[in-house]
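Please consider the structure shown below together with its sequence.

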Amino acid sequence: MTDAAPPPAAVPWRLVLLLGALTAFAPMSIDMYLSSLPSIGRTLHAGPDQTQATLAAFFAGMAIGQFVYGPASDRFGRRLPLLIGIGVFVAASVVCALAPNIETLIAARFVQALGGCAGPVIARAVVRDRFSHADTARVLSLMTLIMGLAPVLAPQLGGVVQFFAGWRGVFWSLVIFGALIGLWVIASLAESRSAETEAHARSENPLRAYVALFGMRRLMGYALAGALNGAVLFTYISGAPDLVMGTYGHTPLVFNIIFAFNAVGIIGASQVNRWLLRRSTPDQVLSKASIASIVAAFLLTVAAWTGWGGQWTVMPLLFAALSIYGLMGGNTMAGALSVDPRRAGSISALMGSASFGAGALASWAGGLLHDGTPRPVAGVMFACLVGSALAIFFLALPGAKKVSA
């Protein structure tokens, strides 16, 4: 690990905007339709468990599909798999909009995620193709700024579309979104995969590539840290509605404001990360942010279990713990991608799938422990951040003596 950060490269804003838009497929597809779930249930004569299954199916598709697009983008280039994925997303969104029953919608949501996950996987690989380790962390922070707008704007946009066009109109909006992004890729995204990456991918079976990656201790450290850090966000997303509107009795409008405010905190922290990277390496920022996250989560857990200060203590500490995600997400991803740039696509897929898998487990644990208090959310978040810190300090950083260029 080097002692000083190299000077930052100039920011190619057009490319960053496009890559940021590619990472927005998941938040747009999730957050835009959440307020439509009751309407979907009434129209398709489905219960809450079935409408929630449309969300679970999307998460499953996001986790599984990434394992395909990663090696495919290393072998066939970034553009072709990306355009295929966007095409699948658009087609599945049409089926969602026309779904005659809940079973069709659940299946279409799974396929929609299989297509949409190409965006974030390949966007991260493109960043590593074009930038060094330190600059990768900076660009990923910029992409977080763009992607972070989706959780802020998508619920409001989805509510407006639903009001005027119903829940089917929300999915037609996603059809338009996917088509526009596809045209943008065709017009603006040049192929970035290196000849070395192509040659290596063609000489290696994708399964062997993943086996090799699982054998890299440093990569596993970054992957576990990134996945457990991401699980904190999933725990919050799954538990926040009941906590804010159920436990604390706030209205849906107040919930949307709190949700947006916490998203702004994550975005702001990601931009602080860009400033810190002018003076420190990604690993240095990551180690300090990890300690800060544990402190915030510990205080949150104490407040949740003692009840001291009620929501006026819990909510600010929750904001602090979530905001630190903006300091860690880009740096764990940049560290992982620096381990073996020849397998950037496969590493990006592994990181994304691990995050969704850990997030699903953390959300399940939070639901299993649900007791109508903030204790489960705080406890799961604290456990995840302790695990993330252990992975950083005992797996990732000990092997980071030399940073790949």
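Is Arg78 buried or exposed, and what is its relative accessible area? In this predicted model, Arg78 has a relative accessible area of 1% and is therefore buried, since the cut-off for that class is under 20%.

The surroundings of Arg78 begin with the charged pairs. Side chains of opposite charge can pair when their charged atoms come close. Three salt bridges are found when the whole structure is searched. One of them joins the side chains of Asp74 and Arg78, with an N to O distance of 2.8 Å. Asp74 is also a buried residue, because its relative accessible area is 3%. Arg78 forms a further salt bridge with Asp129, and here the closest N and O atoms are 2.8 Å apart. This second pair links distant parts of the chain: Arg78 belongs to the loop between helix H4 (48–76) and helix H5 (79–98), whereas Asp129 belongs to helix H7 (residues 118–130), and the two are 51 residues apart. Asp129 has a relative accessibility of 24% and so counts as partly exposed. Taken together, Asp74, Arg78 and Asp129 are linked in a network of salt bridges.

Another salt bridge is formed by Asp340 and Arg343, whose closest N and O atoms lie 2.5 Å apart. With a relative accessibility of 6%, Asp340 counts as buried. Arg343 likewise counts as buried, because its relative accessibility is 7%.

The next stop is helix H17 (residues 344–368), in which Ser353 lies. The relative accessible area of Ser353 is 5%, so this residue is buried. Which residues does Ser353 touch, once those up to four places away in sequence are not counted? They are Ala63, Gln66 and Phe67. A C-alpha separation can also be given for Ser353 and Gly61: the two residues are 292 residues apart along the chain, and their C-alpha atoms are separated by 9.7 Å.

Helix H14 (residues 282–306) contains another serine, Ser293. Ser293 counts as buried because its relative accessibility is 1%. When its neighbours within four places in sequence are left aside, Ser293 is in contact with Ile324, Met328 and Leu385.

Helix H14 also takes part in a surface feature. Ile291, Val295, Phe298, Leu299, Val302, Leu390, Phe393 and Phe394 form a nonpolar patch on the surface, and together they have about 730 Å² of accessible area. H14 and helix H18 (375–396) are the elements that give two or more residues to this patch. Which element gives the most to the nonpolar patch? H14 does, with five residues.

Definitions and conventions. Residues are numbered from 1 along each chain as its sequence is written. This is a predicted model: local features need pLDDT of at least 70, side-chain atom pairs count only at pLDDT 80 or more; totals for chains, interfaces and linings use all residues. Side-chain values use heavy atoms; hydrogens and water are left out. Helices (H or I, at least four residues) and strands (E, at least two) are DSSP runs, numbered from the N terminus. Buried means under 20% relative accessible area, exposed over 50%, partly exposed in between (1.4 Å probe, protein chains only). Contact means heavy atoms within 4.5 Å. Patches are made of residues with over 30% relative accessible area and no salt bridge: like charges are joined within 9 Å, nonpolar side chains (Val, Leu, Ile, Met, Phe, Trp, Tyr) within 5 Å. Accessible areas come from the Shrake-Rupley method with a 1.4 Å probe; for residues, only the protein chains shown count as cover. A salt bridge is a side-chain nitrogen of Lys or Arg within 4 Å of a carboxyl oxygen of Asp or Glu.
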